[in-house]
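Reader: I would like to go through this structure with you and ask, for each label you attach to it, what value stands behind the label. Could we begin as soon as the structure is on the screen?

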Amino acid sequence: MRIVLHGANGFLGRHLAAYLLARGYEVLGLVRRPEAAALLRRLGCEALLYGARGEVPPLEGEGLHVVLIYSEEGRELELVERLLERREGLKGLIYASGLGVEDPRLRGLAHFAVKARVEDLLMAAGVPYAILRPSTIIGPGDEITPLLLSMARRGTMVVPAEEYVFQPICITDACRAVEACIRRLAKQGERLVLPLVGPKVLSYKSFAELLAEILMAHGWLSAEPRISVLELNAVMLAWEITPNQAAYTFSNATADTAALEAHMGGRLEPIEACLRRMFPRLVE
């Protein structure tokens, strides 16, 4: 089966492309830059470029589209509108939205406003769809663990107050969830909305403590770092993120995992196990 992957050169996109290829899917990645297309081809994907204005090129046979784009300028909304305009051959659409997008308090924020508009568009379109609402996804190449590792090596891990929590999910589980959506949309033409979250709600301080413990135990740190809990604006500066990224990262949204585990047909991997796989014990 052919999967058309938008955002294939992003963190989740790269992992998902490799995951699907290993399971026998035909994967076509659509990207904006020739060098990104070259990277995808080295993975074994077919790769094409968008047009100069973001147009999707003609795709013989189409396929099922997976949209993983994050854009503060609303590019993902324009893309989904274009895909729905050319429905012939569109076997379904899977969209990575955001956890908390259904909260009216968050829909006034730019990131969530775009996500909400795409969700509303899909729900009204009459095509098979799956909307996944991810929390932070953890795995090789993610954003948060290298940041905290770099801080830990300098001696201090900066995190926001305990009131800010998140629900990280392992990248393998995220890929498993997307593949389960592909199977259900292809066979049954379903319409799904699911949180894409891990099995535990954590404060950023408790996550930093867990990561530091694993890094110390496996020889990645020579000394135990200090955990510094600061006001949100100070954390934003330390993490070098934009207000939109902060609104998404620190939204405090959490969700029950029962529906996701039922959807995947198995338990979610504990985040501790995911981190241990990412940072195996160093050989002396």
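Author: Glu-240 is exposed, because its relative accessible area is 72%, and the label is set by cut-offs: buried means under 20% relative accessible area, exposed over 50%, and partly exposed in between, with a 1.4 Å probe and protein chains only. This is a predicted model, in which local features need pLDDT of at least 70 and side-chain atom pairs count only at pLDDT 80 or more, while totals for chains, interfaces and linings use all residues. Residues are numbered from 1 along each chain as its sequence is written, and side-chain values use heavy atoms, with hydrogens and water left out.

Reader: What makes the phi of Glu-240 worth a remark?

Author: Most residues other than glycine have a negative phi. Glu-240 is not a glycine, and yet its phi is positive, at about 60 degrees. Glu-240 is found in the loop between α8 and α9, where helices (H or I, at least four residues) and strands (E, at least two) are DSSP runs, numbered from the N terminus. Asn-252 is likewise not a glycine and has a positive phi, of about 70 degrees; Asn-252 lies in the loop between α9 and α10 (258-264).

Reader: Why is Asn-252 called partly exposed?

Author: Its relative accessibility is 31%, which lies between the 20% and 50% limits, so Asn-252 counts as partly exposed.

Reader: How do you know that the buried residues of α8 lie on the same side of the helix?

Author: The buried residues of α8 (residues 232-239) are Val-235, Met-236 and Trp-239. They cover an arc of only 105 degrees around the axis, and therefore lie on the same side of α8, the arc being that of the directions from the helix axis to the C-beta atoms. The face turned away from that buried side carries the exposed residues Asn-233 and Leu-237. Among the elements that cover the buried residues of α8 are α5 (144-154), β8 (156-159), α7 (204-217) and α9 (243-249).

Reader: What makes the seven strands an open sheet with parallel pairing?

Author: Strands of a sheet pair through backbone hydrogen bonds, either parallel or antiparallel. Two strands pair if DSSP finds at least two bridges between them, and the order is β3-β2-β1-β4-β5-β6-β11, with parallel pairing. The edge strands are β3 (46-49) and β11 (191-196), each of which pairs on one side only. The twist averages 20 degrees from one strand to the next.

Reader: How do you know that β5 pairs with both β4 and β6?

Author: Four bridges join β4 (residues 63-67) to β5 (residues 90-96), and these two strands run parallel; β5 and β6 (residues 129-134) also pair in the parallel sense over four bridges. Both counts meet the requirement of at least two bridges. In detail, the bridge partner of Val-66 in β5 is Ile-94, and the bridge partner of Ile-94 in β6 is Ala-130. β5 is mostly covered, since six of its seven residues are buried.

Reader: What makes a set of residues a nonpolar core, and which residues have the most contacts inside the largest one?

Author: A nonpolar core is a set of buried Ala, Val, Leu, Ile, Met, Phe, Trp, Tyr and Cys residues joined through side-chain atoms within 4.5 Å. The largest has 72 residues, and those with the most contacts inside it are Val-66, Ile-94, Leu-148 and Phe-207. A second, separate core of 23 residues includes Tyr-50, Leu-84, Tyr-95 and Leu-122.

Reader: Why is Val-31 called buried?

Author: Val-31, found in strand β2, has a relative accessible area of 2%, which is under the 20% limit, so the label is buried. Leaving aside neighbours within four places in sequence, Val-31 is in contact (heavy atoms within 4.5 Å) with residues including Asn-9, Leu-40 and Tyr-50.

Methods: Axes fitted to C-alpha atoms, helices over the stretch in contact; angles between N-to-C directions.
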